[in-house]
Amino acid sequence: MIATRAEKLRAERGEPSGVQHVSGAPQHAIVAPSDRSASARAADFSLRIAPMIVELAPQVALSTIGYNNKVPGPLLRMREGQLVTVEVVNDTDVPEYVHWHGLFVPPEMDGVEEEGTPPVPPHGRRRYQFVARPAGSRWYHSHTEAMLDLHRGTYTGQFGFLMIDSANDPGHYDREVFLALREWQYFLSTMDPDENRPDPSDPTPEKPATPDPRPNGLEISAPLYSINDKMLGAGEPLRVRPGERILMHLLNASASQIHRIGLFGHHFQVIALDGNPVPTPQLVDVMEIAPGERVDAIVEMNLPGVWILGELRDAARQSGMGVVVEYANQAQPRAQWLPPRTARWDYTIFGKTGPHPAPDQTIDMVFEKVPGGPHGINHWLVNGREYPHDREFMFRKGLRYRLVFRNRSDDAHPLHIHRHQFELVELNGKPTAGILKDTVIVPAFGRATVDLVADQPGLTLFHCHMQQHMDFGFKALFRYS
Ligand SMILES: [Cu+2]
């Protein structure tokens, strides 16, 4: 979906959006805040959860559950500090939770069963109300447990962009594009889904001395991929003009896979990670993004032609994860894919150097896999136990915590904390500062250290953002004393 700055301003003022979709982008209307004079009690936004058909390509239509019959759901755009009411109607037979990912909201509004949020009952409705903060690229999605039901939670089409506009957006771009990465028709398999193999030269500070001999369990795989609701080539191209500066809001709305995206001959100027401006914006050839993460990057369109913006892995791109980028007057029969020159991704290049205030307390968190074998599911341990833990991790309001994530498994995991942000301190021994995130990839056998100030009282869920890992033990609660 694409919105110009003028449309964005109209939406902010509550005027009719008059959205002119660049033919190209999947068609989603901006939901403008409703006219408050009509009814003081009208919700600002409404979401209807219901079964729907998503047409990924002319011959490929799937049934899923979505918001307002769209995938992604409607773009929810709000001002920082705005009191927002979202009316959610659940037209399914099961309780649902809508989670506002990256927002500082109280537990009862966070859309998380473990924190005590009430569900949106089956065939019922519920209002969420919160103050929109912090500014930046956020998103919303189902937070329902799925376990072995691959038609629930984040396996469905229940996800959408949520933008909180700050008063001081420098606006160094001509227009915005929203790109959500997805797989479809999830299934269980022992096949290696051709995940990004760790580089053998990467440090592995948490690698055990002796490898685990137990055979791996069934993991989530998928045959179909898309950006927004279209497979590569099925949607309209992204039509651009030379010299245009496009702000790409990239979201990984996948239930299970880390993705890397490239566009030959172009560079992504990464300006924000998880919606938070980075201290040192940098030009990169490839953006790596894990489930739950967001990357905001400006691309200057300076190589006329017809190109594929897509996943680096051939299998994923050829199965749909890409979009054609077409310069004006460059219609060619085939869009070109050429691999980007460098595929490395390193969060720390976007940080700064500098000391971190000493933490009041350091909490070590060790993550391990219990392999399920070829006919079972892997289970996951946090400090030796599957969720729920006998005693939660404890925060005291106002204290500064250092969390050390020790990944003693052979997979990378995107670790997410609710209702808070953390600052990256080091990744596999490489120090950094100033990068604020809510989700961080901890590489296979790797380590990440983050600092967090406990300033959002209430139960706080922590988990791996891969749905299967979360459902099978990889989560923990923090409680304020
Ligand atoms: Cu995981």
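This is a guided tour of a predicted model, going from one selection to the next.

Residues are numbered from 1 along each chain as its sequence is written. Because the model is predicted, local features need pLDDT of at least 70 and side-chain atom pairs count only at pLDDT 80 or more, while totals for chains, interfaces and linings use all residues; side-chain values use heavy atoms, with hydrogens and water left out.

**The copper ion**

Begin by selecting the copper ion together with His413, Cys464 and His469, whose atoms ND1, SG and ND1 are its protein donors, lying 2.0 to 2.1 Å from it. Donors here are N, O and S atoms within 2.8 Å of the metal (3.2 Å for Na, K and Ca), and since water is not among the atoms, sites may look incomplete. Along the sequence the donor residues follow the spacing H-x50-C-x4-H. His413 belongs to strand β28 (residues 413-417) and His469 to helix α3 (residues 467-471), 56 residues apart, and this pair links distant parts of the chain. Helices (H or I, at least four residues) and strands (E, at least two) are DSSP runs, numbered from the N terminus. Both His413 and His469 are buried, where buried means under 20% relative accessible area, exposed over 50%, and partly exposed in between (1.4 Å probe, protein chains only).

**Strand β17**

Next, select residues 259-263, which form strand β17; 5 of the 5 residues are buried, so the strand is largely enclosed by the rest of the structure. In a regular strand the side chains alternate between the two faces of the sheet. Here His259, Ile261 and Leu263 point one way, whereas Arg260 and Gly262 point the other way. Strand β17 runs antiparallel to β20 (residues 286-289), to which 4 bridges join it, and antiparallel to β22 (residues 306-311), with 3 bridges. Centre the view on Gly262, which stands opposite Val286 in β20 and opposite Gly310 in β22.

**An open sheet**

Now colour the 4 strands of an open sheet, which lie in the order β4-β3-β6-β8 with mixed pairing. Two strands pair if DSSP finds at least two bridges between them. The edge strands, each pairing on one side only, are β4 (60-67) and β8 (125-131). Inside the sheet, β3 (residues 45-57) and β6 (residues 83-90) run parallel and are joined by 5 bridges, and Ser46 has Glu87 in β6 as its bridge partner.

**Salt bridges**

A search of the whole structure finds 32 salt bridges, a salt bridge being a side-chain nitrogen of Lys or Arg within 4 Å of a carboxyl oxygen of Asp or Glu. Select Glu244 and Arg175, whose side chains meet in one of them (2.7 Å, N to O). Glu244 lies in the loop between β15 (238-240) and β16 (245-252) and Arg175 in strand β11 (residues 175-184), so the pair ties together parts that are 69 residues apart in sequence. Glu244 also forms a salt bridge with Arg241, with the closest N and O atoms 3.5 Å apart.

Move on to Lys475 and Glu145, which meet in a salt bridge at 3.8 Å, N to O. Lys475 sits in strand β35 (residues 475-480) and Glu145 in the loop between β9 and β10, 330 residues apart. Lys475 is buried, with a relative accessible area of 4%, whereas Glu145, at 39% relative accessibility, counts as partly exposed.

**Last stop: a loop residue**

Finish at Leu148, found in the loop between β9 (136-142) and β10 (159-165); at 56% relative accessibility, Leu148 counts as exposed.
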